[in-house]
Amino acid sequence: MDILVQQVLNGLVLGSVYALVALGYTMVYGILQLINFAHGEVLMMGAMVSLSVISTLQFLFPGCPGPLLLIAALVVSIPSCMAIAALMERLAYRPLRSAPRLAPLITAIGLSIILQTLAMIIWSPNPRVFPDLLPTAPVMVGGAFLAPKQLLILVSAAVLMALLMLLVNRTALGRAMRAVSESPRMAILMGIDPNRVVALAFMLGAALAAVAGLLVGMNYNIAHFTMGFLLGLKAFTAAVLGGIGNLPGAVLGGLMLGVIESLGAGYIGDLTGGFLGSHYQDIFSFVVLIGVLILKPSGLLGERVADRA
Amino acid sequence: MKRNAQLGLLLTGLALFLLPFAAGLLGDAWIRILAFSLLYMMLALGLNIVVGYAGLLDMGYVAFYAVGAYSYALLASPHLTDHFPVLAQAFPAGLHLSAWIAIPLAAGLAALFGVLLGFPVLRLRGDYLAIVTLGFGEIIRIFLNNLNAPLNITNGPQGLARIDPVRLGPISFAEPLSVLGVVIPSAQLYYTLFLLLTLLVMLISIRLEHSRIGRAWMAIREDEIAAKAMGINTRNMKLLAFALGASFGGVSGAMFAAFQGFVSPESFVLSESVVIVAMVVLGGMGHVQGVALGALLLYAIPEGLRYVARPLQLELFGAEWIAPEALRMLLFGLSLVLIMLLRPRGLWAPTRGGSA
């Protein structure tokens with residue numbers, strides 16, 4: 001029983017990171033119907049920039065308290081990621097709005113390779129150790145243990161998601177975003193500049209990815225130039241699972257995927273009589289994805305149909 | 001005029017067969033690069049059937065390459081007989097199937113996987129299809145990586161070694177062949193075989209493009225509902241595209257296994273799929289010559305850079321600023337972005353036949 005609670009909690013921690021990243025995918029997809037394949041790399045850049053800020057500060061001011069370092073890292077990494085995303089959108093996506101559908105996909109792949117290589121040159125090809133900034137003694141939560149950093153992940157992800165919902169549902173910018181995703185032409189007639197809205201959606205997603213990057217780095221104590229790819233892929237899976245283009249769907253999909261992965265990795269050995277082991281963890285997200293798309297192609301909360309070019 | 005064209009074609013063909021002699025002067029490594037670019041050309045042409053003709057974005061194409069490579073490797077290496085006593089009894093001399101049987105088997109198995117993938121995704125289009133096929137590719141790779149216990153089928157991350165080379169009568173392609181005093185290195189023998197296969201794949205592609213099947217694929221690509229209304233069996237046509245594309249991938253995979261003598265899951269990572277898709281889109285979807293050009297550019301140039309980058313930097317700056325591998329990837333990414341921005345329909349797009 002306790003193991004079950006533990007696995008679910010671990011899954012929720014993992015899932016809230018997926019959810020943060022999935023929101024970035026789904027926001028852009030909802031407006032442009034474009035898979036921003038380079039979104040995972042933005043997360044990686046966020047983690048790397050955060051790591052650099054933290055190690056510089058630790059070098060300059062030894063004994064600086066952990067939470068302060070975290071805030072400092074975010075103060076630098078969020079604007080950097082937003083700048084990267086804005087630049088990407090302006091240079092590689094906007095000129096291709098009316099091009100064949102595959103063209104932006106290829107530029108996205110190109111961007112992803114460029115960002116990875118740049119990170120490899122700047123931060124060395126070897127994995128970097130992410131220092132522990134919070135106390136490591138686990139806390140008891142509902143019959144299971146959570147490290148303080150895991151608690152931080154849960155809480156900060158929840159707060160950020162709530163803020164995003166407020167922004168999208170209650171502010172003028174959010175209304176503009178929804179209008180553009182409904183019909184860019186009508187939005188123009190209502191005095192909305194779609195280019196501005198699209199750029200802002202990219203930047204919002206990047207800000208969330210920057211936070212997610214820091215959280216992932218903290219959680220696994222490691223940062224690497226390839227860390228964004230698989231994470232981005234799984235987050236995209238989460239977005240599709242929840243119904244792409246749908247914000248609550250992305251959150252639900254992320255959390256579900258996290259829990260499924262965690263439970264799957266924990267129990268697959270028993271279920272298959274030891275034939276398959278926990279190293280099949282990465283398979284679950286894809287199996288779930290394929291299953292959902294076959295049974296309910298529009299995702300759990302999505303209203304759009306998949307049968308669209 | 002017609003005569004000149006034929007003569008031109010003949011000369012080009014002859015030049016292609018003689019090319020490795022020139023490349024060999026620079027070093028055997030260059031012959032290998034040429035051989036590998038042909039392998040990628042075959043892969044890109046196979047994917048072109050799925051993506052270019054039928055308009056189904058398959059991002060997990062490397063899975064079929066892997067299936068082909070592993071089926072050849074298993075059929076033509078001692079691995080299976082080493083690990084399964086039952087098989088060892090049945091084949092006391094080892095399971096060394098001739099390449100000429102193993103290659104069609106690999107192609108058939110890959111085609112079967114193509115249909116297996118095709119069935120569940122028949123209803124999906126566009127981005128959803130892309131992401132599901134991508135997941136399929138990863139699943140295959142994860143299985144290859146982990147199927148070494150409890151039954152050792154793929155030997156896990158260590159991969160399969162001691163794979164037999166292709167043999168033609170008494171000639172083994174793994175050893176240099178000496179004909180009338182001219183020594184032809186092993187890589188060149190494979191190059192010649194790959195060249196013949198690539199030409200065959202090109203011929204099949206072009207003939208398909210102008211056939212009833214090709215027209216049906218393109219109709220599906222342009223508008224699936226309209227295609228259905230015209231009486232095209234879209235289900236069978238899509239499955240056929242998946243199966244044919246996959247079988248080309250399977251042949252390339254088998255050739256890869258024979259050429260390398262070794263396969264491991266590392267060769268079939270997702271980024272390989274991505275590169276193959278990039279070759280097709282960059283060259284010009286649905287255009288055989290364009291796709292071949294795309295494959296050549298995206299494989300040979302970055303590979304060549306590996307040998308040129310270091311001396312060139314030493315010459316220009318007096319020091320190595322960027323590692324060749326990093327420079328290669330940087331230029332690769334940059335060229336993908338730039339070419340798409342400047343020519344969104346591909347470098348050598350088809351002149352007729354509408355948009356994709």
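Predicted model: local features only at pLDDT ≥ 70, side-chain atom pairs only at ≥ 80, totals over all residues.
Let's start with the interface. On one side, 37 residues of chain A are in contact; on the other, 35 residues of chain B. Which elements of chain A give two or more residues to that side? They are α4, residues 102-123, α9, residues 227-242, and α11, residues 281-295. The biggest giver is α4(A), with 12 residues. The side of chain A that touches chain B holds 28 nonpolar residues, five polar and four charged.

Next, a helix pair inside chain A. Take α1, residues 2-32, and α10, residues 247-271. Their axes come within 6 Å. They cross at roughly 145 degrees. Which hand does the crossing of α1(A) and α10(A) have? It is right-handed. As for residue classes, the contact of α1(A) with α10(A) has 15 nonpolar, 11 polar and one charged.

Over to chain B. Here the pair is α6, residues 99-118, and α11, residues 234-260. Their axes come within 7 Å, and the crossing angle is roughly 140 degrees. The crossing of α6(B) and α11(B) is right-handed. Its contact residues divide into 18 nonpolar, seven polar and one charged.

Last topic: phi angles. Most residues other than glycine have a negative phi.

Ser124(A) is one of them. Its phi is positive, about 70 degrees, and it is not a glycine. Where does Ser124(A) sit? It lies in the loop between α4 and β1, residues 128-129, of chain A. Is Ser124(A) buried or exposed? Its C-beta has 11 others within 10 Å. The cut-off for exposed is 12 or fewer, so Ser124(A) is exposed.

Then there is Asn221(A). Its phi is near 60 degrees, again positive in a residue other than glycine. Asn221(A) lies in the loop between α8, residues 194-220, and β4, residues 222-223, of chain A. Here the count is 13 other C-beta atoms within 10 Å.

Terms used: Residues numbered from 1 in each chain as written. Chains lettered and ligands numbered in written order. Axes fitted to C-alpha atoms, helices over the stretch in contact; angles between N-to-C directions. Helix = DSSP H or I, 4+ residues; strand = E, 2+ residues; numbered from the N terminus. Left-handed = near helix turned anticlockwise from the far one by under 90°. Nonpolar A, V, L, I, M, F, W, Y, C, P; charged D, E, K, R; others polar. Contact = placed C-beta atoms within 7 Å. Buried ≥ 20, exposed ≤ 12 C-beta atoms within 10 Å, placed from the backbone.
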